[in-house]
Amino acid sequence: MNATPHHAAAGRTLPVTIFVLSQVLILGVAVAAVGYRFAAPAELAVIPPLRNEPIHLDPVYDIPAVVSDEQLSETLTRLRPRLEGPDTKINHIDHALRFWDIKARFTEAGCPSGEEMRQILLNYPRFLQLYGRKGAETALLMNEPDGIRVRVNEGITTSSHVDHTVASLAEVGTPLDFPVETAAGPGTFRDLVDYVFTSFSLNQVEYEWSVMTFAMYVPPTTQWRTKEGQTIDFDMLARRVMRQEQPQGVCFGNHRLYTLVVLLRVDEQMRKAENSPILSPEVHAEVVSYLQDMTQRLVASQHVDGFWNIDWPKGEKPTSAAPTEVEGDRLSDRIIATGHAMEWWAMVPQDLADEILPPRHVLVAAGQWIVNTVEKLSDEDIPTHFTFLSHAGRALALWRGKFPYQVPLQEPGVARSEAAKDDDAPAP
Amino acid sequence: MPASLGSQPQSKAKEPVLTPKLPPHWALGPAHLAITAVWVMIFLLFSYLPLRSTDLWGHTLWGQWILEHHQLPTEDPFAPLAAGMKVVDSAWLSQIIFATVERSFGPVGLSVLFSTTVLATLLLLARSFYLQSRSSLLMMLGVALVLIVGWSRATTLRPENFAALAFAIMIWFVTGSLFSTPPSNEAREQARPRSNLLLWLALPALFCAWANLHGSYLVGLAFLGCIALGTAIDVGWRERSFGALFKSADVQRWVFLTELCLLATLINPYGLELLTYNLTFAANPNLQNIIEWQPLVVLGIGGREFALSIVLLLILWRVSRAPVSATQVLLLALFSFAALKSLRMIGWYAPVFAWVVMPHLSDLWSRWRPSSAASQAAVEPVAVAAEGEPAYQLPPGRSFHYTLICGLLIWVGFAFSPAGNLLLGGKPRTDDKLFDKQSSPLKVAEYLAKNPPQGQVFQPQHWGDWLVLRVPGIQPFMTSNIHLAPEQVVADYERIASAQPGWARVLDRYHVTTLVLDKEAQPIIVQAMKQATDWALAYEDDQAVVYVRRQPAKSQDQKPPTETSAESLPGGERPDTRGEMP
């Protein structure tokens, strides 16, 4: 027997008006509820509240045995930034800016001031002046829906590492409201920083400079959300930095160590100034322990002449005093390993010096090796190795309690900036 | 049970006559015996299906976590790389059920849970089909259609099974309301649908439970919505009046019922957020590479069955004289579209398809076998008075013998099933029969349990839950909760699993110390690992291979990037690509 669907009366029927009104009411409530749900701000934003002025980290040590005043002046004089017209690499400019700081000014032709370098990076007309058609074809800054993106690895007019340019600008104190001009029009530095946040993934390939950027602008806020919906904080970032084995990462893993030290410094500053540390005690201890281990490896693997190479994490000393052609042991590799190690050590918080820093003779040997190496380099070699040397040169200045722009240069006709004269860093 | 069977000779009036205590309709016939045999076979079939580890163990683990911590997780407790990813646990109640059953009866208990849930679902659907067709044969045909069309989704225990049960209950209620049981035309005219009160109480309660069992309650709401809208269209069309549909009690009833059920789903730990979460869940980009979330392909899983169902539907609609209602069209349009868009929806399409075609099958059946109606009427027992007592006359072909045999069959089925083993005692199934080998590798899990890997492990995603269950403390790269993993992790998983350029560097980036690989499912990376000098083979069997990092430093293809060498990184991996999507 076939059963057919009923359409029989199902009981009492509401008057049409009441039924329609009830539906309008229900629909209104539903729309309002869903609208409220979607309109309500997420618990955590992808871009947390940011400070306009980045956190500034001063040098904290002054050990003349590492590098004498005279040596420092001679060495830095050789490492002045130079523009080479359209062939100038952007990664030389952002390294030079970070090295010499925004306050640097040089009288010698072809040596751009800190502010000039910043303008090349952030002002499209100035960028075009330098690069001409090449710059127009591959502009450094690209407007995106989520901010301004710094192009990476697309040629000499673009940056070499993810967020390196932004982190460098942050390190030299660029405020978020600093004006920026792209091919698409005006903006602010905040747009670049926003893009760092909106594009960040905890597991991305290069993260060292992203983490530094966060450390400079995010505190006292400590937690936010990534584009992937992942809630992150500085503890997670520190553990991410420590996750990989050494020497993985850029520059034989040294940038990871520098980033960790920056986290420790910011943590220390925030604890002292606002009683709001960015690291939990547990992770703080993990970072210190990790850096202690790195120092032990470095101490064990330092060549008697004072340098390291790619094998520094193994605790094995380089066998040859003279640079070899073996990958990881060439002169450039030794400059990378030695300059970067000296740089991150120079930024270790003073309170943790006894725990993290190596014996003084290690620092002295490394400092002297850098001085001697730079001295022996030909004028043609210096541009080739400039990016590595910028870390080494900056490290030397930091070990004398100064930023490079505060160091008097030797060559006649080159004067220190007026700003530098008034801004000598106190030697602790 | 009857003391004696059938009627007794009337010659000796003084002799005691044993009369059955059961009413005549308990007397069954050969058809019932055949149907019982089919049901017993279905039960045994599902009882002896091995437990597949799609996400069963993941849900069980989550349930255990909830029971231990007395709270719902806010992050995936078992996937370290998903730390910080927010969790809306839409299957928490199912997980607790799994964990409780597993804790009480072990994995066999889950197997029993699976077979009984499937059986209950199919029985309820069968009842609905019977209410629609009044034919046992068509009822079984409907069940067969559900099993054939939805087979690709039917063989796995997961929270969706509870949802399927809820769906079947809902269909049963709806069918009872739409298709009453009038024995005659006169009675049909006077008939009223299933008790309104029951509907108004039971359906919202069902949806409340459903929303806490699985996120698929939206499917149920869509079903009710189709009925409400379809009824409105039919009423409007029939009355040729737009205003008529607002006056219709049927329309009002289904609209209010749908709304009430929607309201009931908000009774959950997340409130409205659960609804918005489930509405947007399918948009999760991580699901794009999961087969069950991909569009249905005719020659792929479930595709042929789906195509066959459409052909059958068209034929039925062509030859059937039963009206095609707007509800039917809406239901089929919505559910077939959903199945085409996402393979996993075929599990919901199958019962809807069977439910929609059943009135048409019934129409054809009644036309081709008009005697069936008469034989249905003949089933009614006829009471014959004899010496002051009502005599007992069974319908033709019926006998309590069949009832006994049916009972015996059910008992034998139960006794031979794992459920019988569990309650009556018996030799339990061995692990290799209980677990699906492909998704639950026993030997490698045993090896890893004895040699627990330290640090991050890369393993096939489809083994993630199983290894977490069997290897305490393991840190899986990816589990069944792909939707919770950051996109970068999913992309990197794909890159490693298919040995795309730079895969070894990705292993370094995650500091993977141990690789567990499925030789059959991951032949490319298995082959690549044979050339990897930094990895040592630690274990191999016919199914799996385990490599451990020889030295926790550089990978074999690694040249640490320097500031000048970054542009020429090996393997095509460029550090500027944040996403590195493969």
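Analyst: A residue is buried under 20% relative accessible area, exposed over 50% and partly exposed in between, with a 1.4 Å probe and protein chains only. This is a predicted model, in which local features need pLDDT of at least 70 and side-chain atom pairs count only at pLDDT 80 or more, while totals for chains, interfaces and linings use all residues. Residues are numbered from 1 along each chain as its sequence is written, chains are lettered from A and ligands numbered from 1 in the order in which they are written, and side-chain values use heavy atoms, with hydrogens and water left out.

User: Is Asn275(A) buried or exposed?

Analyst: Asn275(A) is exposed, at a relative accessible area of 62%. Its place is the loop between H11 and helix H12 (281-301) of chain A. Helices (H or I, at least four residues) and strands (E, at least two) are DSSP runs, numbered from the N terminus.

User: What is phi of Asn275(A) near?

Analyst: Most residues other than glycine have a negative phi, and most peptide bonds are trans. Asn275(A) has phi near 50°, a positive value in a residue other than glycine. Asn153(A) also has a positive phi, near 55°. Asn153(A) sits in the loop between strand S2 (147-150) and helix H7 (164-171) of chain A and is buried, at 4% relative accessibility.

User: Which residues does a cis peptide bond join?

Analyst: One cis bond joins Gln246(A) and Pro247(A), with omega about 10°. Pro247(A) belongs to the loop between helix H10 (234-243) and helix H11 (254-274) of chain A. The bond from Pro219(A) to Pro220(A) is cis as well, with omega near 10°. Pro220(A) is in the loop between helix H9 (208-217) and strand S5 (223-225) of chain A.

User: Where do Arg344(B) and Glu292(B) lie?

Analyst: These two side chains form a salt bridge (3.3 Å, N to O). Arg344(B) lies in the loop between helix H14 (326-341) and H15 of chain B, and Glu292(B) in the loop between helix H12 (272-280) and helix H13 (303-319) of chain B, so the pair ties together parts 52 residues apart in sequence. Arg344(B) is buried at 13%, and Glu292(B) is buried at 16%. Both belong to a network of salt bridges that also links Asp55(B), Arg153(B), Arg158(B) and Glu160(B).

User: How many residues line the largest cavity?

Analyst: Rolling a probe the size of a water molecule over the atoms shows where empty space is left. A cavity is a set of points, on a 1 Å grid over the protein atoms alone, where a 1.4 Å probe fits but cannot get out; lining residues have an atom within 4 Å of a point. Points are joined across faces, edges and corners, and a volume is the space filled by probe spheres set on them. The structure holds nine cavities of 30 Å³ or more, and the largest has a volume of about 350 Å³. Its lining has 21 residues, with Thr121(B), Arg153(B), Ala154(B), Ala164(B) and Gly347(B) nearest its centre. Helices H4 (107-133), H5 (136-149), H6 (159-178) and H15 (346-368) of chain B each give two or more residues to this lining.

Definitions and conventions. On a 1 Å grid over the protein atoms alone, a cavity is a set of points where a 1.4 Å probe fits but cannot get out, and a pocket is an open set with protein on both sides within 12 Å along at least five of seven lines; lining residues have an atom within 4 Å of a point. A salt bridge is a side-chain nitrogen of Lys or Arg within 4 Å of a carboxyl oxygen of Asp or Glu.
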